[in-house]
Amino acid sequence: MSIISTDIQKAVHLLTNEELVAIPTETVYGLAGNIYSEKAVKRIFSTKKRPFFNPLIVHIASAKALQTMTTHIPEKAKLLADAFWPGSMTLVLKKNEKIPDMITAGKDTVAIRVPNHPVTLALLKQLPFPLAAPSANPFGSISPTKPEHVESYFKNDILQVLDGGACSNGIESTIIGFEKETPVIFRLGALALEDIEAVVGSVSIKNKKEESPDAPGMLARHYAPSTQTLLVDDVASEAKKHSTKKVGVLVFKESLNNSSLTEIILSDNGSMQEAASKLYDSLHELDRQKLDIIIAERLPNNGLGKSMNDRLQRATFTI
Ligand code: TXA
Ligand code: MG
């Protein structure tokens, strides 16, 4: 029997009993558990095979809960929360003693987000505790944007994927921390840099491990298909070099019109939003086809294109 179901009451019941449930968000599916249950939080790490040094994001129903979890909220964090929550932005703030150390991997900060998905907002409103939820994929693999992706990863490990359909944004939230009162981007994501800067002015990006020990999850290789994957500017000429192989290509908007290739076009009309929502699903799809190689086209490096290029770089060998 499938573990995918729309039954919110079942999810309430399981989570209350310290079990894990995969939940839909507008970015990617999360593998959720009660933040105050040591048993549930340990299972999140073991199910994902995630190292304990990599902290989890806490999901809450509304920004009002922020005061109960943090010791200080910078002015610009308030502006950002007002502008973008519920939504695809995670704020990293100084934690108070109520947040268990396992959630934050011993750090003195906690990552918090109000997701923008009606099913998960309804779920969070019924629970007396917040949900810790990393993306619902084994450590290092492609994040899930459809309930079926989670089912194929974890059908033997969890009892329910709460069905909220395909994720509308399709890549993870943008993570923003603070150096004193100044916002710093730890992870590019579904909320574009330009939108953030429109609210708080220019912000710096510190999303490489060398630059920021504060962004412990930003490993160079991550989000990766199991098929060898390349990221290039000129897909057609790269494909020619591999003509003896079974090649999959992932292009932004223009078909290569080459029937010997397995091709996915992210957005015929060049919409970054559509491309982002299809990015991981397309990688999952190409990965299933038992190809010898996947060649992905680098996107225009602005708006969500910048976030997608970040993910593709981590998923691939860049030429
Ligand atoms: O869109 C998302 O953010 C999804 C959905 C489910 O909400 N969640 C997600 O979680 O992508 P995860 O665990 O795959 O990525 C969380 C990232 C990790 O890179 C982690 O290192 C970082 O957040 N993080 C968590 N707590 C942090 C903290 N206190 N300081 C810095 N980075 C933190
Ligand atoms: Mg993840």
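Mentor: Start with a term: a residue counts as exposed when its relative accessible area is over 50%, and as buried when it is under 20%. Keep in mind that this is a predicted model.

Trainee: OK. Is K241 buried or exposed?

Mentor: K241 is exposed, because its relative accessibility is 63%.

Trainee: And E238, buried or exposed?

Mentor: E238 is buried, at 6% relative accessibility.

Trainee: What do the side chains of E238 and K241 form?

Mentor: They meet in a salt bridge, 3.0 Å from N to O. Both sit in helix α8, three residues apart, so about one helical turn separates them.

Trainee: Why would side chains pair up like that?

Mentor: Opposite charges can pair when the charged atoms come close.

Trainee: How many salt bridges are there in the whole structure?

Mentor: A search finds 14. One of them joins R43 and E19, with the closest N and O atoms 3.3 Å apart.

Trainee: Where do R43 and E19 sit?

Mentor: R43 is in helix α2, and E19 is in the loop between α1 and β2. They are 24 residues apart, so the pair links distant parts of the chain. R43 is partly exposed at 23%, and E19 is partly exposed at 23%.

Trainee: New topic. At what angle do α1 and α5 cross?

Mentor: Roughly 45 degrees, with the axes coming within 10 Å. That makes α1 oblique to α5. The crossing is right-handed.

Trainee: Which residues meet there?

Mentor: From α1, I8, Q9, A11, V12 and L15. From α5, V119, A122, L123 and Q126. By class, that contact has seven nonpolar, two polar and no charged residues.

Terms used. Residues numbered from 1 in each chain as written. Chains lettered and ligands numbered in written order. Predicted model: local features only at pLDDT ≥ 70, side-chain atom pairs only at ≥ 80, totals over all residues. Heavy atoms only, no water. Axes fitted to C-alpha atoms, helices over the stretch in contact; angles between N-to-C directions. Helix = DSSP H or I, 4+ residues; strand = E, 2+ residues; numbered from the N terminus. Parallel < 35°, antiparallel > 145°, perpendicular 65-115°, else oblique. Left-handed = near helix turned anticlockwise from the far one by under 90°. Contact = heavy atoms within 4.5 Å. Nonpolar A, V, L, I, M, F, W, Y, C, P; charged D, E, K, R; others polar. Salt bridge = Lys/Arg side-chain N within 4 Å of Asp/Glu carboxyl O. Buried < 20%, exposed > 50% of the residue type's maximum accessible area, 1.4 Å probe, protein only.
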